[in-house]
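Subject: Structure for you, with notes

Hello,

Please find the structure below.

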Amino acid sequence: MGEDEGRIFGQGQEDFKQAEWLADQLGGKWRYDFSTEQWHHFDGVRWAADKTQRIMRTVAEKAARGITNADREETRKALTKLLSNGPIERALASLATLDG
């Protein structure tokens, strides 16, 4: 995992560090729409509303893969938090506010 690990353990609030890591992992294919209060996924043609909470599963899957590939125990612990709904929701709320 290497370079990505610094994104989780920089300075500042943990939720925002996780949000920065998620932004990188999600590759710009997810956006939050504040007017509808929903996440949208780019399906290759359009931004489709996430009506099934797919974003939650996607984050957990990315975190599980990250745990497997993590070089440091500290990183594994941080990513393990993203296997639970509460930390996922907080990280997503932070992600929604990031530019880009």
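Helix 3 and helix 4 meet through A63, G66 and I67 on the helix 3 side and R76, L79 and T80 on the helix 4 side, where contact means heavy atoms within 4.5 Å. Sorted by class, the residues of this contact are 3 nonpolar, 2 polar and 1 charged. Here Ala, Val, Leu, Ile, Met, Phe, Trp, Tyr, Cys and Pro count as nonpolar, Asp, Glu, Lys and Arg as charged, and the others, Gly among them, as polar.

Before going further, note that this is a predicted model, in which local features need pLDDT of at least 70 and side-chain atom pairs count only at pLDDT 80 or more, while totals for chains, interfaces and linings use all residues. Residues are numbered from 1 along each chain as its sequence is written, and side-chain values use heavy atoms, with hydrogens and water left out.

Back to the helix pair. Helix 3 covers residues 54–69 and helix 4 covers residues 73–81; they pack at an angle of about 165 degrees, and their axes are 9 Å apart. That angle makes helix 3 roughly antiparallel to helix 4. Angles run from 0 to 180 degrees between N-to-C directions, and axes are lines fitted to C-alpha atoms, for helices over the stretch in contact. Under 35 degrees counts as roughly parallel, over 145 as roughly antiparallel, 65 to 115 as roughly perpendicular and the rest as oblique. The crossing of helix 3 past helix 4 is left-handed, meaning that the near helix is turned anticlockwise from the far one by less than a right angle (clockwise would be right-handed).

Which residues of helix 4 are buried? They are T75, A78 and L79. These residues lie on the same side of helix 4, because they cover an arc of only 95 degrees around the axis; the arc is that of the directions from the helix axis to the C-beta atoms. A78, in helix 4, has 2% relative accessibility and so counts as buried. The cut-offs are under 20% relative accessible area for buried, over 50% for exposed and partly exposed in between (1.4 Å probe, protein chains only). A78 and I67 are 11 residues apart along the chain, and their C-alpha atoms are separated by 8.8 Å.

Helix 3 has two further partners. The classes in the contact of helix 2 with helix 3 are 6 nonpolar, 2 polar and 1 charged.

The other partner is helix 5 (residues 85–97): its axis and that of helix 3 come within 10 Å and cross at roughly 105 degrees. Helix 3 is thus roughly perpendicular to helix 5. On helix 3 the residues involved are I55, M56, V59 and A60, and they meet N85, I88, E89 and L92 in helix 5. This contact has 6 nonpolar, 1 polar and 1 charged residues.

F16 belongs to helix 2 and is partly exposed, at a relative accessible area of 34%. Leaving out residues up to four places away in sequence, F16 touches S94, T97 and L98. F16 and T97 are 81 residues apart in sequence but 9.3 Å apart in space, C-alpha to C-alpha.

Two loop residues have a positive phi without being glycine. For E37, phi is about 55 degrees. E37 sits in the loop between strand 1 (30–33) and strand 2 (38–42) and is exposed, at 61% relative accessibility. For Q53, phi is near 60 degrees. Q53 lies in the loop between strand 3 (47–49) and helix 3 and is partly exposed, with a relative accessible area of 46%.

Finally, the overall picture. The protein has 5 helices and 3 strands, in the order α-α-β-β-β-α-α-α from the N terminus. Helices (H or I, at least four residues) and strands (E, at least two) are DSSP runs, numbered from the N terminus. Of the 100 residues, 35% are buried. Among contacts between residues at least 6 apart in sequence, 52% join residues at least 24 apart.

Regards
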